[in-house]
Every structure is written in C-alpha cells, then in structure tokens.
Amino acid sequence: MPSIPLYIGLMSGTSLDGIDGVLSSSNQALHAAFVAFPDALRAELLALQSASDDEIHREAMATNQLTELYAACVQQLLADAGISAEQVAAIGAHGQTIRHRPELGYTRQIINPALLAELTGIDVISGFRHRDIAAGGQGAPLVPAFHQAIFGSTTQTRVVANIGGISNISVLRPDGNVTGYDTGPGNMLMDGWIHAQRGQHYDEGGGGQWAASGNVLPDSLAALMSEPYLAQPAPKSTGRDLFNTPWLTQHLQHFTGAAPADVQATLTAFTSRTLTDAIRRDAPDAEAVYVCGGGALNAYLMRLLQEQLACPVSNTSALGVAPQHVEALAFAWLAERFCERLPGNLPSVTGARGPRVLGALYPA
Ligand SMILES: Nc1ncnc2c1ncn2[C@@H]1O[C@H](COP(=O)(O)OP(=O)(O)OP(=O)(O)O)[C@@H](O)[C@H]1O
Ligand SMILES: [Mg+2]
C-alpha cells in the first residue's frame with residue numbers, strides 16, 4: 001500500500017516572532033514546532049526592512065543564521081515524530097520577507113535553500129512568490145488557495161481571516177470562487193506599541209488584556225482609518241514597506257497626551273475595523289468568519305471583531321485546524337503543489353495573468 005507523503009511547512013511572518021513549522025500529512029499537522037527568534041536576529045531582520053549600511057553582506061549573514069533556525073525547526077519536527085529525513089517528501093520554506101514591492105516587480109523573502117537542503121537532507125522548495133509577480137500578480141496573499149482547499153464549503157460563504165503581522169482575508173464562496181487580499185495591519189502595530197512602552201513582544205498577559213484595560217479614542221481611530229491603502233481596490237498586498245515605524249511615528253501624533261493603554265486599545269480597534277470593513281464591503285454575504293494566525297489568541301481583538309460583524313466569528317479550530325498551524329500548513333501544501341507541478345496561486349486573488357506553479361527546488 002503506498003503511504004501518504006509527508007511534507008514540512010515552515011513559515012516566519014511579518015510579526016518577526018519566530019518560525020512556525022508543521023509536519024503535514026493530507027493537510028493535517030501531525031506535529032508542530034515553534035522556534036523563537038533571538039532578539040539580535042529579530043532586530044537585524046527589522047533593520048533589513050529599510051535601506052541601511054552594507055546591507056548585502058548583512059542580509060547574507062542574517063539569511064544563513066535564519067536558515068540554521070529553519071533547520072533546527074525541521075530537526076525538532078523529525079525528532080518529535082520519530083522519523084528520518086528520507087521519510088519527508090519535501091520542505092516548503094517561506095523565508096523572511098524583508099521587502100515586498102510587487103508594483104516594482106520584486107519581493108524578497110530571505111532564506112538559503114541550498115543550506116537548508118544541506119543541513120536537513122530533504123528537498124527544499126522556496127521562492128513561492130516570485131513566479132506570481134513575474135506573471136503580473138501581487139505574489140500575495142498566497143494562502144487563500146489553501147484556505148479554499150481545506151476550509152471551503154459547498155453550502156456556505158465563509159471568510160478566513162489570517163491575523164499575523166499583516167492581516168489578510170480569503171472569501172470562500174460555495175461555487176468555488178475565491179477572492180482575498182491583505183486588509184492592513186494585523187498584530188504588528190499593537191506589538192510595536194507594547195514593545196516600545198513595556199518591552200514585551202506582544203500583550204503577553206494573554207488575550208490583549210492591556211488593550212482591554214484602555215479606551216478606544218474615536219478621533220484617533222478615524223485618523224488611522226484615513227490611510228489610503230485601506231480604500232485601494234484589490235488585488236493588493238502590503239507589509240512593513242508601508243506599515244513601518246515611520247508610519248506609526250507619523251500617526252502617533254494623533255495620540256498626543258493619550259494614556260498608553262488607550263493607544264493600545266485604539267490600535268487594536270484599528271486592526272479589527274480594517275478587517276471588518278473589508279469583510280462587510282467584499283463579503284456582505286459571509287455566513288461565518290474563521291480567524292487564524294496569532295491574532296486569534298487575542299481575546300480582546302476577537303471580541304471587537306464579533307461586535308462589528310453580524311455573522312458568527314470563531315477561530316479555525318472550529319474547522320479542525322489550530323489557528324497557529326494554518327500558515328505553516330499552507331507552505332507544506334504549496335510544496336506538495338510544486339512537487340505535483342500544480343498551480344499554487346489564484347489569479348482571482350493576486351491578479352496574476354494565470355495559474356502558475358510556484359517555487360523552485362533545491363534537491364536534498
Ligand atoms: N496569547 C496571545 N495573545 C495576544 N497576541 C498573541 C498571542 N499569541 C500570539 N499573539 C500575536 O500573534 C503574533 C504572531 O502571529 P503569527 O505567527 O500568526 O504572525 P506572523 O508570523 O507575522 O505570520 P504572517 O505571515 O501571517 O504575517 C505575535 O507577534 C502576537 O502579536
Ligand atoms: Mg509568526
């Protein structure tokens with residue numbers, strides 16, 4: 001009897017928290033691992049998001065260090081599962097985005113796939129976004145195709161909202177039509193503010209308690225909502241190229257004199273409003289919203305989302321997949337698509353000229 005192939009998916013997103021890995025079989029996470037970034041690497045990855053001195057050399061060094069952590073994540077998955085490298089068909093490795101400029105024809109996810117293949121002895125697929133951009137697309141978001149594959153329904157219009165550093169939605173309709181785009185910031189503004197004020201990487205009290213202790217400031221919220229990206233039509237994608245420290249610094253002038261917890265509450269409300277406005281506008285027929293990504297663990301954010309939407313809001317556990325595993329599973333799925341030479345993008349989402357096989361192979 002032929003056994004079901006195993007894939008590993010590895011994702012490190014715009015939150016810069018670390019690497020999420022899954023060992024996937026038939027799109028289920030048999031094992032999951034998380035490797036946190038050391039503070040120095042996190043700081044360097046953040047610095048590489050904008051122009052700086054000697055960045056080619058620094059990018060190369062950071063890439064190799066990052067790749068060693070990707071390999072450590074793989075070793076942890078293999079050890080937990082008690083399997084050897086030969087039993088894994090391929091690794092899908094996203095890498096770390098340091099620039100995303102599809103309008104200029106490029107995106108940059110750093111990872112050294114040759115080194116990852118060398119360190120793990122497993123075929124590595126990476127560079128998933130380039131071909132979609134070469135075909136005129138945004139190269140992002142790529143996850144809606146996977147969301148459709150595992151969360152799509154033939155009877156119900158569903159929205160999957162991934163709240164990572166940036167947020168994106170997938171609108172899954174019963175006829176199989178899928179749309180989606182990056183709605184704006186996810187956790188990154190909240191993370192940035194609590195880090196500046198309290199030195200925590202996120203609201204570690206759990207569930208956005210600090211934000212919940214503050215009051216949303218309506219005028220400041222309205223000022224944030226005037227960001228032009230929000231009104232731009234799809235296809236669209238964004239990242240730290242727009243929602244970066246200068247952006248936040250510029251907008252913090254709307255908060256002069258405000259209590260820090262009120263700023264956090266307002267940034268949380270901004271994150272939720274950008275998502276719910278997008279859902280009301282582009283999926284008014286949504287019958288259920290399922291949240292994935294680290295934002296699903298922020299109870300205050302989840303409460304705001306539910307308050308602003310008529311349909312039920314839950315997380316993807318309701319559909320059998322833990323919210324922290326969804327994105328990594330998507331890259332395992334994309335690796336499988338590559339191995340089968342099947343398209344991984346959705347032109348209806350990214351705006352590419354057509355379906356394309358995504359990624360490149362570095363053999364074990
Ligand atoms: N218990 C929690 N309470 C509040 N926020 C949390 C909690 N756990 C995680 N988070 C938030 O989730 C973030 C990590 O989410 P995730 O890993 O999905 O984002 P990402 O790596 O940026 O992925 P993406 O590629 O989707 O942008 C953390 O930085 C933090 O803001
Ligand atoms: Mg992450």
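Q: Is strand β9 covered or open, and how many of its residues are buried?
A: Buried means under 20% relative accessible area, exposed over 50%, and partly exposed in between (1.4 Å probe, protein chains only). In this predicted model, β9 (residues 166-172) is mostly covered, with seven of its seven residues buried. Strands (E, at least two residues) and helices (H or I, at least four) are DSSP runs, numbered from the N terminus. Both faces of β9 are covered: I166, N168, S170 and L172 are buried on one side, and S167, I169 and V171 on the other.

Q: Before we go on, what are the ground rules for this model?
A: Residues are numbered from 1 along each chain as its sequence is written, while chains are lettered from A and ligands numbered from 1 in the order in which they are written. The model is predicted, so to speak with care: local features need pLDDT of at least 70, side-chain atom pairs count only at pLDDT 80 or more, and totals for chains, interfaces and linings use all residues; side-chain values use heavy atoms, with hydrogens and water left out.

Q: Which strands pair with β9?
A: Two strands pair if DSSP finds at least two bridges between them. Strand β8 (residues 158-163) pairs with β9 in the antiparallel sense over six bridges, and V160 stands opposite S170. Strand β10 (residues 178-185) is also antiparallel to β9, over seven bridges, and there S170 faces G180. Each pairing is a hairpin: two residues separate β8 from β9, and five separate β9 from β10. In the latter turn, G176 has a positive phi of about 95 degrees.

Q: Where does ligand 1 lie, and why?
A: Domain bounds come from an automatic or database domain assignment. Domain 1 (6-139 + 324-362) and domain 2 (143-311) both give residues to the shell around ligand 1, so the ligand lies between them. A residue is near the ligand if one of its heavy atoms lies within 4 Å of it. By that rule 20 residues surround ligand 1, and the closest are M11, S15, G165, D191 and G294.
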